Amino acid sequence: MQLEHVGIVGSGIMGSGVAEVALLAGFQVTLRSRTHTNAHKSLELIERSLQRRLEKEKITPKERSEALRRLTTTTDVDAVSECQLVIESISEDLKSKKSLFSHLDEVCAHETVLATNTSTLPIIELAAATNRADRVCGIHFFNPAPLMGLVEVIPALTTSASTLDLAVSFVQRCRKEAVVAKDEAGFIVNSLLFPYLNSAITLLERGTASMEAIDASMRLGCGYPMGPFQLLDLIGLDTSLAILEALHREFGTQSSLPAPTLKRLVASGRLGRKTGHGFYSYDASAL
Ligand SMILES: NC(=O)c1ccc[n+]([C@@H]2O[C@H](COP(=O)([O-])OP(=O)(O)OC[C@H]3O[C@@H](n4cnc5c(N)ncnc54)[C@H](O)[C@@H]3O)[C@@H](O)[C@H]2O)c1
């Protein structure tokens with residue numbers, strides 16, 4: 001099967017980023033949002049990001065206009081039915097994802113591969129929500145998708161070799177490094193990263209140091225590009241909490257038991273950069 005047309009369902013931070021990556025790789029992209037407002041926001045996000053690339057001379061004006069010409073935004077989930085690959089990137093909630101997979105299974109063409117960008121949830125449960133368990137897998141991009149070089153590809157127990165090949169070749173056409181990981185919570189990166197991020201919150205709760213001091217320590221002392229609180233705010237605190245809960249459900253380790261401060265911030269609606277407040281506050285114009 002020649003992969004030309006990619007559907008993306010969910011147009012938040014990751015859905016929009018993955019759409020941009022696929023557009024620049026030459027794919028036709030249909031990006032589905034729940035509302036017209038969200039569709040408009042994601043289009044603006046992609047346009048702004050392409051404009052920044054143009055100003056940095058990373059793409060030509062022709063590449064920018066052709067990428068945008070290949071993009072269709074929609075609020076109709078059935079508009080992805082003819083895509084050869086559909087990547088789900090809605091909120092990290094198993095029930096919502098299962099119901100979406102079951103709907104996509106009904107409307108999508110027989111040969112369509114259904115992939116999920118989940119950070120931690122069991123791929124096999126999404127596969128089992130369909131009648132095409134051999135054509136379901138995880139394709140896990142990192143944030144911000146246009147900048148990060150890695151993508152984890154996760155076959156479920158039921159995933160066929162041809163589905164895995166298609167996923168790996170899609171990632172390679174997107175000019176990213178594909179690593180294959182087992183279907184277990186957190187895969188590779190998040191099972192190493194999240195106990196560290198959670199420990200940073202515990203350090204703050206114990207009063208060991210301020211957020212700014214912890215962030216500066218990891219940036220300047222370890223050479224990390226950003227500190228743990230800056231990274232948590234970038235990822236989104238709701239997503240971070242869902243990832244820790246999934247890790248804790250699966251492995252029961254103390255290091256993945258979500259720190260109380262994280263739960264309180266999520267309950268208060270402070271979800272990080274995307275809402276303007278998380279551990280830090282952000283000026284809307286700088287986002
Ligand atoms: N944020 C990250 O750093 C990151 C990195 C890699 C993967 N992911 C994964 O990507 C997925 C999306 O995360 P995000 O950071 O883009 O979240 P987000 O909050 O920015 O966006 C989620 C989008 O899903 C939509 N949505 C929520 N529930 C829905 C439903 N039931 N049906 C249809 N649409 C629905 C929302 O309207 C929103 O547009 C999650 O599975 C997350 O774990 C996130």
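A: What follows starts with the strand, moves on to its neighbours and ends with the whole chain.

A word on conventions to begin with. This is a predicted model, in which local features need pLDDT of at least 70 and side-chain atom pairs count only at pLDDT 80 or more, whereas totals for chains, interfaces and linings use all residues. Residues are numbered from 1 along each chain as its sequence is written, and side-chain values use heavy atoms, with hydrogens and water left out.

The part to look at is strand 6, residues 136-141. Strands here are DSSP runs of E with at least two residues, helices are runs of H or I with at least four, and both are numbered from the N terminus. Six of the six residues of strand 6 are buried, so this strand is largely enclosed by the rest of the structure. Buried means under 20% relative accessible area, exposed means over 50%, and partly exposed is in between, with a 1.4 Å probe and protein chains only. In a regular strand the side chains alternate between the two faces of the sheet. In strand 6, Val 136, Gly 138 and His 140 point one way, while Cys 137, Ile 139 and Phe 141 point the other way. Both sets are buried.

What does strand 6 run beside? Strand 5 (residues 113-116) is joined to strand 6 by three bridges, and the two run parallel. Two strands count as paired if DSSP finds at least two bridges between them. Within this pairing, Ala 115 stands opposite Cys 137.

Strand 4 and strand 5 pair in the parallel sense over four bridges, and Glu 88 stands opposite Thr 116 in strand 5. Strand 4 (residues 85-88) has Leu 85 and Ile 87 pointing one way and Val 86 and Glu 88 the other, and all are buried. Strand 4 also pairs with strand 1 (residues 5-9), again in the parallel sense and over four bridges. There, Gly 7 stands opposite Val 86.

One is Leu 126, found in helix 5 (residues 123-128). Leu 126 counts as buried because its relative accessibility is 0%.

Not counting residues up to four places away in sequence, Met 14 touches Phe 141, Phe 142, Asn 143 and Ala 145, along with Ser 89 and Asn 117.

Past the strand there is a backbone feature worth a look. The peptide bond from Asn 143 to Pro 144 is cis, with omega near 0°. Pro 144 is found in the loop between strand 6 and strand 7 (150-155).

Other loops hold backbone features too. Glu 57 is not a glycine, yet has a positive phi of about 60°. This residue is in the loop between helix 2 (36-55) and helix 3 (61-69), and Glu 57 counts as exposed at 71% relative accessibility. Arg 175, in the loop between helix 6 (161-173) and strand 8 (177-180), has a positive phi near 60°. Arg 175 counts as exposed at 65% relative accessibility.

Finally, the whole chain. The secondary structure comes to 11 helices and eight strands. Buried residues make up 49% of the 287 residues. Among contacts with a separation of 6 or more, 66% come from residues 24 or more positions apart. A compact globule of 287 residues would have a radius of gyration near 19 Å, and the protein chain, with 19 Å, agrees; the radius is taken over C-alpha atoms, and the globule rule is 2.2 Å times the number of residues to the power 0.38. The C-alpha atoms fill a box of roughly 55 × 45 × 30 Å, taken along the principal axes.

Conventions: Contact means heavy atoms within 4.5 Å.
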